[in-house]
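This briefing goes with the structure shown below. Please keep the sequence and the model open while reading.

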Amino acid sequence: MVVGILRVVGIALFGGWLGCAAVLAAAPSPDELKKQFQESIAASRMTVDWRGGRLSGSGAAFLKARAAASQYVLLGEEHGVATIADTVRALLAELGPAGYRHFAIEVDPWMTAKLEATLRRGGTKALAAFLAHDDAKFSLPFYNWSAEAALAEAAVQANTDTPPALWGLDQVFIGAAALLIGDVAAGASNAEARTLAQSLATRAKGNLEFLGKVDLGELEKLRALLGDDKDAVWARLVDDMILSARIYHPFTGGQGLSVYAANLERENLMKRTFLARLREAEARDGKTPKVLFKFGANHMMQGLSTTHVPSLGDFVSDYALAQGQTTFNLLLLCGPGTKAGDFMGNEADCTFSVATSFPDLVAHVDAKTPTLFDLRVWKDKPRRWAHLAPEVREMIWAYDAILVVPNGTPAKTLR
C-alpha cells in the first residue's frame, strides 16, 4: 500500500517537473520580451494636443478623468524645463472645473507667502522687481524662472475665493536666509533679538552657504529671545530655520545628521506641513480641498524615494487611501531635444532624458506635442521590461502615468 502511494506521488512529482520544464522551455527569449514590451508601450500610448494653451486629444481626456476621480494629483518633474512648466500651466487650467484650487510647491512656507502676496499685488512684473533686490535675488527656488512664475501667477489668479492658492511645503531655502532673518530683525519686539538677528542677517547676505554652515547655537540663542507671545511668528520662523540648517549641514559641511537622516527629516517636514495646510483649509472651507502638487520626481514617487526614505508622494497617497480617496501620480519627463536650466540661469542637459535613459520609449514619442503613457498596462507584465535599468524600473513602479515633453526649452531667469 505504501509503495503504491509513493509510486503515485513520484509520478505526480515527475509529471509536475515535466510541466515546469515545458513552461521554461516555452518562455519568451529576451528579444521576444523586448518586442512584447514595444506592444505594451503602443497599447498604453495617448496623444496630447497642445494649442493656444489648451490640452486636447485622448491623453488630455485621460488626465482630466483621472484628476476628476482623485483628491490629489501629484506631478513629479525634471526641474528647470520651461516647457514642462508651461505644460503644467495648461493642465492647471483644465483641472479647474474638477475643483483644483490649491497648488503645493517645493518652496518653504515663508517664501511662498511672499510669492503669493507679490503676485496678487502686481503679477510677475512685481515678482521680478522683488527678486531684483540683492537680498532677494536667490531667495526663491524655481519660481525665479519666468515660466514657473507665470505658472504660479495662473494658480493664484485661479483662486480668488479660498486663498492661499500656493502651499509651500519645503524647508527654508538656503538662499533665503539673509532675507528671512532680516524680517526677524525688523519685526521682533525684543531689542536683543533684533540686534542678534541683524548681525546674523549681515553675515548671511550674499553667502549662499550661511544656513548650511551656521552654528546652530547662534540660531538657538535667537530662538530663546523670542519667547514673548508677540514674537510667536518669528519664533516659528527661527524654529524652521534651525531644522533647515540641520538638514543642510551634512551636504554643506559634513557635520550633524547623516545624509540619510537629513533626507528623512526633510521629507517628514513636508508631510507635516501638508497636513497643517490641509487642516487649515478644511477648518476654513468645511471640506477637504483638491490639491495639485508639483515637485521633483524624487518626492512624488509612491514607496521609497531614490534617497531610500518614504516619500511625500507615498504619504499623500496613503493618507488619501485612509480617507477613502485616491491620488494620481504623473511623471513628466524630458523628451528628445529637451534642455534644462539651472538655478543660476545656465543651460544644462536633463538629468533624466528619455533619449538617453529610456530609449525603448523614443520611437513612440511625438516629436512636437506631449505623449502620455498609462503605466497600468506595463505593470501587469513586468517581465517585458526587466531589461531596463534599475532606476527606470523603480520609476515605472512609482508612478501611474508618464507624460513625455519633447523639444523642451530650458528655464530662464525672470526679468
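The model is predicted. The protein has 415 residues, and 50% of them count as buried. Its secondary structure comes to 17 helices and twelve strands.

**Overall build**

- The C-alpha trace spans about 95 × 60 × 45 Å along its principal axes.
- Among contacts in the protein with a separation of 6 or more, 76% are between residues 24 or more positions apart.

**Helix 7 with helix 8**

- Helix 7 (residues 177–187) packs on helix 8 (residues 191–204) at an angle of about 165 degrees, and the two axes are 8 Å apart.
- Helix 7 and helix 8 are therefore roughly antiparallel, since an angle over 145 degrees counts as such.
- The crossing of these two helices is left-handed.
- Helix 7 brings Ala177, Ala178, Ile181, Gly182, Val184 and Ala185 to the contact, and helix 8 brings Arg194, Ala197, Gln198, Leu200, Ala201 and Ala204.
- By class, the contact of helix 7 with helix 8 holds nine nonpolar residues, two polar ones and one charged one.

**Helix 7 with helix 11**

- Helix 7 also meets helix 11 (residues 232–252): their axes come within 10 Å and cross at roughly 155 degrees.
- That angle makes helix 7 roughly antiparallel to helix 11.
- Helix 7 passes helix 11 in a left-handed crossing.
- On the helix 7 side the contact is made by Ala177, Leu180, Ile181, Asp183, Val184 and Gly187, and on the helix 11 side by Trp234, Leu237, Val238 and Met241.
- The contact of helix 7 with helix 11 has eight nonpolar residues, one polar and one charged.
- Ala177, Ile181 and Val184 of helix 7 take part in the contact with helix 11 and also in the contact with helix 8.
- In an α-helix there are 3.6 residues a turn, so residues three or four places apart point the same way.

**Helix 11 with helix 12**

- The axes of helix 11 and helix 12 (residues 259–285) come within 8 Å and cross at roughly 150 degrees.
- Helix 11 and helix 12 are therefore roughly antiparallel to each other.
- Helix 11 passes helix 12 in a left-handed crossing.
- From helix 11, the residues in contact are Leu243, Arg246, Ile247, Pro250 and Phe251; from helix 12, they are Val259, Ala262, Asn263, Glu265, Arg266, Leu269 and Arg272.
- The contact of helix 11 with helix 12 divides into seven nonpolar, one polar and four charged residues.

**Asn263 in helix 12**

- Asn263 lies in helix 12.
- Asn263 counts as buried because its relative accessibility is 15%, and the cut-off for buried is under 20%.
- Leaving aside neighbours within four places in sequence, Asn263 is in contact with Phe251, Thr307 and Val309.

**The disulfide**

- The model has one disulfide. Cys334 is joined to Cys350, with an S to S distance of 2.1 Å.
- The pair links distant parts of the chain, 16 residues apart: Cys334 is in strand 8, while Cys350 is in the loop between strand 10 (347–349) and helix 15.
- The link of Cys334 and Cys350 is left-handed, with -85 degrees about the S-S bond.
- Both Cys334 and Cys350 are buried.

**Helix 17**

- In helix 17 (residues 390–398), the buried residues are Val392, Met395, Ile396 and Ala398.
- These buried residues pack against strand 8 (327–334), helix 15 (354–357), helix 16 (376–379) and strand 12 (401–405).
- Strand 8 is also the strand that holds Cys334.

**Ser40 in helix 2**

- Ser40 is placed in helix 2 (residues 30–44).
- Ser40 counts as buried because its relative accessibility is 4%.
- Not counting residues up to four places away in sequence, Ser40 touches Val377, Trp378 and Arg384.
- The C-alpha atoms of Ser40 and Leu375 are separated by 9.2 Å, although these residues are 335 residues apart along the chain.

Definitions and conventions. Residues are numbered from 1 along each chain as its sequence is written. This is a predicted model: local features need pLDDT of at least 70, side-chain atom pairs count only at pLDDT 80 or more; totals for chains, interfaces and linings use all residues. Side-chain values use heavy atoms; hydrogens and water are left out. Buried means under 20% relative accessible area, exposed over 50%, partly exposed in between (1.4 Å probe, protein chains only). Helices (H or I, at least four residues) and strands (E, at least two) are DSSP runs, numbered from the N terminus. Contact means heavy atoms within 4.5 Å. A disulfide is a pair of cysteine sulfur atoms within 2.5 Å. Axes are lines fitted to C-alpha atoms, for helices over the stretch in contact, and angles run from 0 to 180 degrees between N-to-C directions. Angles under 35 degrees count as roughly parallel, over 145 as roughly antiparallel, 65 to 115 as roughly perpendicular and the rest as oblique. A crossing is left-handed if the near helix is turned anticlockwise from the far one by less than a right angle, and right-handed if clockwise. Ala, Val, Leu, Ile, Met, Phe, Trp, Tyr, Cys and Pro count as nonpolar, Asp, Glu, Lys and Arg as charged, and the others, Gly among them, as polar.
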